[in-house]
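Biologist: I have a model open on my screen. Can you show me how to read its features, one at a time?

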Amino acid sequence: MARTQWKEHADRELSRTGHRAGGARAEVLSLLARQDCCLSAQDIHDRLRADGKSVGLASVYRALDVLAQLKLVHRIDVDGTACYEPADPSGEHHHHAICDRCGKMDAFEDPDLERLIHDVADRLGYAVGAHDVVLRGACPDCARN
């Protein structure tokens, strides 16, 4: 789903559930709609401030809480920090590889991995609604050093 479509979907869902989409929430939505991968609340706050937006960190957290409750964003724990990215209503998603040395994060998709996850869930008898895969190690640049 294109990010503009995600934002339109999020705006509709917020309206449908009686949430106002103005103020800080609108700024957070607009910023997330421009992102390719996950950001922490602090990252979102810092980027909004760099763009000249006067949005408080507490407002960012409140906006993210509402978006997460409505399943409009995925929450991913990265080394103990909650990070957020737009959730495609179709269920399409990606996973992350994180460098333990420099902190670089890469997103990846792998249909074979998805198939394996569903096979394991079937074998265990689980009806998996969601999953996160985070690979940790050294990125190609750090592995060379």
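**Reading the model**

Modeller: Start with exposure. Lys-71 has a relative accessible area of 66%, so it counts as exposed. Keep in mind that this is a predicted model.

Biologist: Where does Lys-71 lie?

Modeller: Lys-71 sits in the loop that runs between helix 4 (57–69) and strand 2 (73–78). Check its backbone too. The phi of Lys-71 is near 60°, a positive value in a residue other than glycine.

Biologist: Which residue just after helix 3 takes a positive phi?

Modeller: Gly-52 does, at about 85°.

Biologist: Is Ser-59 buried, exposed or partly exposed?

Modeller: The cut-off for buried is under 20% relative accessible area, and exposed is over 50%. Ser-59 is at 22%, so it counts as partly exposed. Ser-59 belongs to helix 4.

Biologist: How do I read a helix with a buried side?

Modeller: An α-helix has 3.6 residues a turn, so residues three or four places apart point the same way. Now take helix 3 (residues 41–50). Its buried residues are Ala-41, Ile-44, His-45 and Leu-48. They span an arc of only 100° around the axis, which puts them on the same side of helix 3.

Biologist: What covers the buried residues of helix 3?

Modeller: The cover includes helix 2 (23–33), strand 1, helix 4 and strand 3.

Biologist: How many bridges join strand 2 and strand 3?

Modeller: Six, in the antiparallel sense; strand 3 covers residues 81–86.

Biologist: Last, pockets. Which residues lie nearest the centre of the largest pocket?

Modeller: Look at volume, then lining. The largest pocket has a volume of about 610 Å³. Its lining has 25 residues, and His-74, Gly-91, His-93, Gly-129 and Ala-130 lie nearest the centre. Strand 2 and helix 5 (111–124) are the elements that give two or more residues to this lining. The largest share, four residues, comes from strand 2.

Biologist: And what is the lining of the largest pocket by class?

Modeller: Eight residues are nonpolar, eight polar and nine charged.

Note on methods
Residues are numbered from 1 along each chain as its sequence is written. This is a predicted model: local features need pLDDT of at least 70, side-chain atom pairs count only at pLDDT 80 or more; totals for chains, interfaces and linings use all residues. Side-chain values use heavy atoms; hydrogens and water are left out. Buried means under 20% relative accessible area, exposed over 50%, partly exposed in between (1.4 Å probe, protein chains only). Two strands pair if DSSP finds at least two bridges between them. On a 1 Å grid over the protein atoms alone, a cavity is a set of points where a 1.4 Å probe fits but cannot get out, and a pocket is an open set with protein on both sides within 12 Å along at least five of seven lines; lining residues have an atom within 4 Å of a point. Grid points are joined across faces, edges and corners, and a volume is the space filled by probe spheres set on the points. Ala, Val, Leu, Ile, Met, Phe, Trp, Tyr, Cys and Pro count as nonpolar, Asp, Glu, Lys and Arg as charged, and the others, Gly among them, as polar. The arc is that of the directions from the helix axis to the C-beta atoms. Contact means heavy atoms within 4.5 Å.
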